[in-house]
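Please look over the structure shown below before reading on. The paragraphs that follow lead through its pockets, its domains, its cavity and its metal site.

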Amino acid sequence: MRVLVVEDEPMLSFRLQQVLEAAGFAVDTAHDGEEGWFLGDTEPYDAVVLDLGLPKVDGVTVLNRWRGAGRTMPVLILTARSRWSEKMTGFNAGADDYVTKPFEMEEVVYRLRALIRRSSGHAQPELTCGGVRLDTLGGKVTIDGIPVQLTAHEFRILSYLMHHQGRVVTRTELMEHVHDRHFDSDSNVMEVLIGRIRKKIGGGTIETVRGLGYRIGPPESS
Ligand code: CA
């Protein structure tokens with residue numbers, strides 16, 4: 001899963017990036033509203049953390065522009081005050097959730113995980129496929145109850161496929177959702193990573209759909 005953090009306070013932005021990366025997200029950062037708007041408009045994020053008070057273009061305007069252009073990714077807003085009017089303005093612009101500064105970093109992690117899960121159509125915090133279980137809130141994977149150690153990259157790939165069970169995910173789509181924008185990758189790397197995940201969770205779980213991409217679980221009926 002890949003997220004965008006739009007926050008102009010350097011220390012806060014840095015800490016959010018660190019905590020979110022440690023939680024298994026690929027993270028891009030923007031430090032003003034203009035850069036944030038551009039990235040959110042052109043890159044396929046699974047969720048966005050958006051500060052409302054930003055230089056150049058304010059957060060509400062950024063959010064209005066994204067929603068006006070049909071961008072539907074979940075957005076968690078950061079508000080400096082606990083004023084209801086500010087949160088309401090954020091919700092009216094299309095925010096999905098908020099936290100009030102100062103906040104616990106872990107709260108942002110949990111809220112983002114829940115937002116991403118719900119936006120991909122899953123009501124329950126646990127996603128399963130055969131014996132593979134993904135605890136979306138805790139960020140843990142088990143097979144038949146036994147914990148599996150995955151690298152951050154492996155976790156992101158498996159998590160993205162589990163969130164989109166039954167659908168063929170193209171290699172390009174997968175790469176866009178598991179790497180940050182500075183990661184230099186090619187599709188061979190993806191093949192290698194998929195091979196490593198298969199070794200850890202069993203060969204049958206991730207299916208290669210020749211010429212198209214990868215799928216977890218039986219094809220969804222249309
Ligand atoms: Ca700010």
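The lining of the second largest pocket is made up of 8 nonpolar, 4 polar and 2 charged residues. Here Ala, Val, Leu, Ile, Met, Phe, Trp, Tyr, Cys and Pro count as nonpolar, Asp, Glu, Lys and Arg as charged, and the others, Gly among them, as polar. The model is a predicted one, in which local features need pLDDT of at least 70 and side-chain atom pairs count only at pLDDT 80 or more, while totals for chains, interfaces and linings use all residues. Residues are numbered from 1 along each chain as its sequence is written, and side-chain values use heavy atoms, with hydrogens and water left out.

The second largest pocket has a volume of about 220 Å³. It is lined by 14 residues, and those closest to its centre are Gly139, Lys140, Val148, Leu150 and Phe155. Two or more lining residues come from each of α1, β8 (140-143) and α6. Helices (H or I, at least four residues) and strands (E, at least two) are DSSP runs, numbered from the N terminus. A pocket is found on a 1 Å grid over the protein atoms alone: it is an open set of points with protein on both sides within 12 Å along at least five of seven lines, whereas a cavity is a set of points where a 1.4 Å probe fits but cannot get out, and lining residues have an atom within 4 Å of a point. Grid points are joined across faces, edges and corners, and a volume is the space filled by probe spheres set on the points.

Where does the second largest pocket lie? Domain 1 (2-119) and domain 2 (126-216) both give residues to its lining, so this pocket lies between them. The protein chain is divided into these two domains, with bounds taken from an automatic or database domain assignment. Their C-alpha centres are 25 Å apart. Across the boundary, 17 residues of domain 1 are in contact (heavy atoms within 4.5 Å) with 15 residues of domain 2.

The largest pocket holds about 280 Å³ of space. Of its 16 lining residues, Tyr45, Asp46, Thr72, Met73 and Pro74 are the closest to its centre. The elements α5 and α6 each give two or more residues to this lining. Each of the two domains supplies at least three residues to the lining of the largest pocket, which divides into 7 nonpolar, 7 polar and 2 charged residues.

The model also has 1 cavity of 30 Å³ or more. The largest cavity contains about 120 Å³ of space. Among its 13 lining residues, Met1, Arg113, Thr136, Phe155 and Ser159 lie nearest its centre. The largest share of this lining, 4 residues, comes from α6. Because domain 1 and domain 2 both give residues to the lining, the largest cavity lies between them.

Asp8 (OD), Asp51 (OD) and Gly53 (O) coordinate the calcium ion at 2.1 to 2.3 Å. Asp8 is in the loop between β1 (2-6) and α1 (10-22), and Gly53 is in the loop between β3 (47-51) and α3 (59-68), so that the pair, 45 residues apart, links distant parts of the chain. Donors are N, O and S atoms within 2.8 Å of the metal (3.2 Å for Na, K and Ca); water is not among the atoms, so sites may look incomplete. Asp8 is partly exposed, with a relative accessible area of 28%, and Gly53 is also partly exposed, at 49%. Buried means under 20% relative accessible area, exposed over 50%, and partly exposed in between (1.4 Å probe, protein chains only).
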